[in-house]
Amino acid sequence: MTVQLLGAAEIRALAADLDVVPTKKLGQNFVVDANTVRKIVHLGRVGAGDHVVEIGPGLGSLTLAILQAGASVVAVEIDHRLAARLPQTAAAHGVSAGSLTVVDADALAVTTLPGDPAVLIANLPYNVSVPVLLHFLESFAHLTRGVVMVQAEVGERLAAAPGSKTYGVPSVKAAWYGRWTLAGTVSRQVFWPVPGVDSVLVAFQRDAEPRGTEPERRGVFALVDAAFGQRRKMLRQSLSGLLGGSAAAASEVLRRAGVDPTARGEQLAVEDFLRIARV
Ligand code: SAM
């Protein structure tokens, strides 16, 4: 199967044909540069036989690059016009029937994915990138790795280590599932329309074993929300509501978990939060 990628002029023509004016509300910044979509597919180590889920395929530029690599794709798109057109675009570009399944839905509401894809590749809608990622990692245990394009600030947060300035709620929650690394930067000029923010590529690899049980995950996420909700406070204060109702009771729990009660949330790794949840 030889799949041809979309060119910049063709992308605009497709949008005009569909009467699609890219909206900020849906984070619609389409990639109009073939090298960028090839780079994402390369970094994602996508090859023949892989089954990939793409969130927000839009007009299909990244989708065709994934299919060109020999993978099959399930693509989840919220914009009905784009979802309806994608199979036609794929067929016109040499994609064989059966390689692409389009799910016309809000990615945040999707609870099953045909074929249990193991790889996630996406140029994510920036307004919902973190909730969508966390929802997918939580809902689809078969997703083991991926590469996503996100707003630079979000990518830095996802990959941040404890103690760094950018370390926050998304960093700890993402780390619950596995390892996240910054994999490259992307010029604003590769998008149409050109966005007002910088973008980066982030790679993730899920841990071989789950870090804990589902109740433990919920406990950890509640602790993380509380600890970073009052970021400047010591843990014995920020977590007092969850750990016994007073700073003294919280200090006791924290000590039993081997965590300094005067530390702040930004100093704790996900394993530290898990020890607290277990106590
Ligand atoms: N992948 C395409 C590309 O690289 O050119 C489009 C990427 S664009 C940044 C984001 C896409 O996500 C848009 O097509 C938009 O309609 C879609 N989208 C936005 N919110 C969504 C959601 N909640 N669920 C599924 N798709 C969504």
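**Figure 1. Aromatic pairs in the predicted model.** A search of the whole structure finds seven aromatic pairs. One of them joins phenylalanine 136 and phenylalanine 140. Their ring centres are 5.0 Å apart, and the planes make an angle of 70°. This pair is edge-to-face. Are phenylalanine 136 and phenylalanine 140 buried or exposed? Both are buried. The model shown here and in the other views is predicted. Another view takes in Tyr167, Phe228 and Phe273, which form one aromatic cluster.

Figure 2. Helix H11 covers residues 270-278. Its buried residues are Val270, Asp272, Phe273, Leu274 and Ile276. Phe273 also belongs to the aromatic cluster with Tyr167 and Phe228. Which helices do the buried residues of H11 pack against? They pack against helix H7 (169-177), helix H8 (214-229) and helix H10 (247-256).

Figure 3. Strand S2 runs over residues 51-55. Five of its five residues are buried, so S2 is largely enclosed by the rest of the structure. In a regular strand the side chains alternate between the two faces of the sheet. In S2, His51, Val53 and Ile55 point one way. Val52 and Glu54 point the other way. Residues pointing either way are buried. S2 pairs with strand S3 (residues 72-77) in the parallel sense, over five bridges. Look for valine 53: it stands opposite valine 74 in S3.

Figure 4. Strand S9 spans residues 199-206. How many of its eight residues are buried? Seven are, so the strand is mostly covered. S9 pairs with strand S6 (residues 145-151) in the antiparallel sense, over seven bridges. In this pairing, methionine 149 stands opposite leucine 201 of S9. S9 also pairs with strand S7 (residues 178-186). That pairing is antiparallel too, over eight bridges. Here leucine 182 stands opposite valine 202 of S9.

Figure 5. A polar backbone atom of glycine 56 is 2.8 Å from a nitrogen atom of the ligand. For alanine 107, a polar backbone atom is also 2.8 Å from a ligand nitrogen atom. At glycine 58, a backbone N or O atom lies 3.4 Å from an oxygen atom of the ligand. Taken alone, the ligand exposes 590 Å². The protein buries 98% of that area.

Figure 6. The bond to find runs from tryptophan 192 to proline 193. This peptide bond is cis, with omega near -10°. Where is proline 193? It is found in the loop between strand S8 (191-192) and S9.

Figure 7. Arginine 45 is not a glycine, yet its phi is positive, near 50°. Arginine 45 lies in the loop between helix H2 (34-43) and S2. Its relative accessible area is 55%, over the 50% cut-off. Arginine 45 therefore counts as exposed. Aspartate 116 is not a glycine either, and has a positive phi of about 45°. Aspartate 116 sits in the loop between strand S4 (100-104) and strand S5 (119-123). With a relative accessible area of 49%, aspartate 116 is partly exposed.

Note on methods. Residues numbered from 1 in each chain as written. Predicted model: local features only at pLDDT ≥ 70, side-chain atom pairs only at ≥ 80, totals over all residues. Heavy atoms only, no water. Buried < 20%, exposed > 50% of the residue type's maximum accessible area, 1.4 Å probe, protein only. Helix = DSSP H or I, 4+ residues; strand = E, 2+ residues; numbered from the N terminus. Pairing = 2+ DSSP bridges. Contact = heavy atoms within 4.5 Å. Polar contact = N/O pair within 3.5 Å; in protein donor to acceptor, adjacent residues only side chain to side chain. Areas by Shrake-Rupley, 256 points an atom, 1.4 Å probe, with all protein chains shown as cover. Phe/Tyr/Trp six-rings, centres within 6.5 Å; stacked < 30°, edge-to-face > 60°.
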